[in-house]
Amino acid sequence: MSEDAQPEDQHDLEALRVPPSAAQGVFGDRLELAECYWNILATDGIDHGLMGPREVPRLWDRHILNCAVISEVIDDAVRVFDIGSGAGLPGLPLAITRPDLEITLIEPLLRRSTFLERAVTTLGLTNVQVVRGRAEEKVVRAEVGLADVVTSRAVAPLERLAKWSAPLIRTGGRMIAIKGSSAAEEIERDRATVGRAGISGLRVSTCGESLETPTTVVIGTKTEVAGSKKSRRR
């Protein structure tokens, strides 16, 4: 990159950093913290290959706000696991907008988990921990225990997502997966398999009606798996 190009690029970055008007309503007095996270994604996130350069103009709408608004369907002061957290989505926007939540980011790749640890430290988020590993691994399950809610975004189809999420959710807790416009079709396709994994009552919900593009989530409730040792006890 030539020196002549730097001022223009810097000017563009500064302009893009300005949050849309909806961000104030989502983050309130923690908007400055959300802006700091935007900067992390737009710099370190790009450098580490966690975000593509073309995503920078869409960081607020497509990523940060898109994730933060799922707080609308999460109860107060609960324990949340974010599986396959990647660049911290949706876990870090949730942690910023909802300091009452206890959030664990579960990420298998060292490069990504290291990025997450640095981001948590930079943001000063005391309600977040990072665990390196795969959600489906028994050693991870033993380390983290059970959550009230397990979240995910762009991780896997519902069929696999339920198999990974269900063992991490307490009975009566919920799986909340950010999905796209085909969410209803995915539910119909995978409902039986998801049920066998122990997730029932699948439904589509919309969060963030104030956003230009609201967020679509699939919500399911953890139930006792038929045939489990506990259900066979008399």
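Tutor: Gladly! In H4, the buried residues are Leu 59, Trp 60, His 63, Ile 64, Leu 65, Asn 66, Cys 67 and Ala 68. Buried means under 20% relative accessible area, with over 50% called exposed and anything in between partly exposed (1.4 Å probe, protein chains only). Please keep in mind that this is a predicted model, where local features need pLDDT of at least 70, side-chain atom pairs count only at pLDDT 80 or more, and totals for chains, interfaces and linings use all residues. Residues are numbered from 1 along each chain as its sequence is written, and side-chain values use heavy atoms, leaving out hydrogens and water.

Student: Why is helix H4 called largely enclosed by the rest of the structure?

Tutor: Because eight of the ten residues of H4 (residues 59-68) are buried. Helices here are DSSP runs of H or I with at least four residues, strands are E runs of at least two, and both are numbered from the N terminus. By that scheme the protein has ten helices and seven strands.

Student: What makes the protein as compact as a globular protein of its length?

Tutor: Its radius of gyration is 18 Å, close to the 17 Å that the globule rule gives for 234 residues, so the description holds. The radius is taken over C-alpha atoms, and the rule is 2.2 Å times the number of residues to the power 0.38. Buried residues make up 50% of the 234.

Student: How do you know that Ser 113 is buried?

Tutor: Its relative accessible area is 2%, and the cut-off is under 20%, so Ser 113 counts as buried. This serine is found in helix H6 (residues 110-123).

Student: What makes the pairing of Ser 113 with Leu 110 a polar contact?

Tutor: A polar atom of the Ser 113 side chain lies 3.0 Å from the backbone oxygen of Leu 110. A polar contact is a pair of N or O atoms within 3.5 Å; within protein, one must be able to donate a hydrogen and the other to accept it, and residues adjacent in sequence count only if both atoms are side-chain atoms.

Student: And why is Val 217 called buried?

Tutor: Its relative accessibility is 0%, so Val 217 falls under the 20% limit. Val 217 sits in strand S7 (residues 215-222). Beyond its neighbours within four places in sequence, Val 217 has contacts (heavy atoms within 4.5 Å) with residues including Ile 70, Ile 176 and Ser 205. The C-alpha atoms of Val 217 and Ser 205 are separated by 5.4 Å, though the two are twelve residues apart along the chain.
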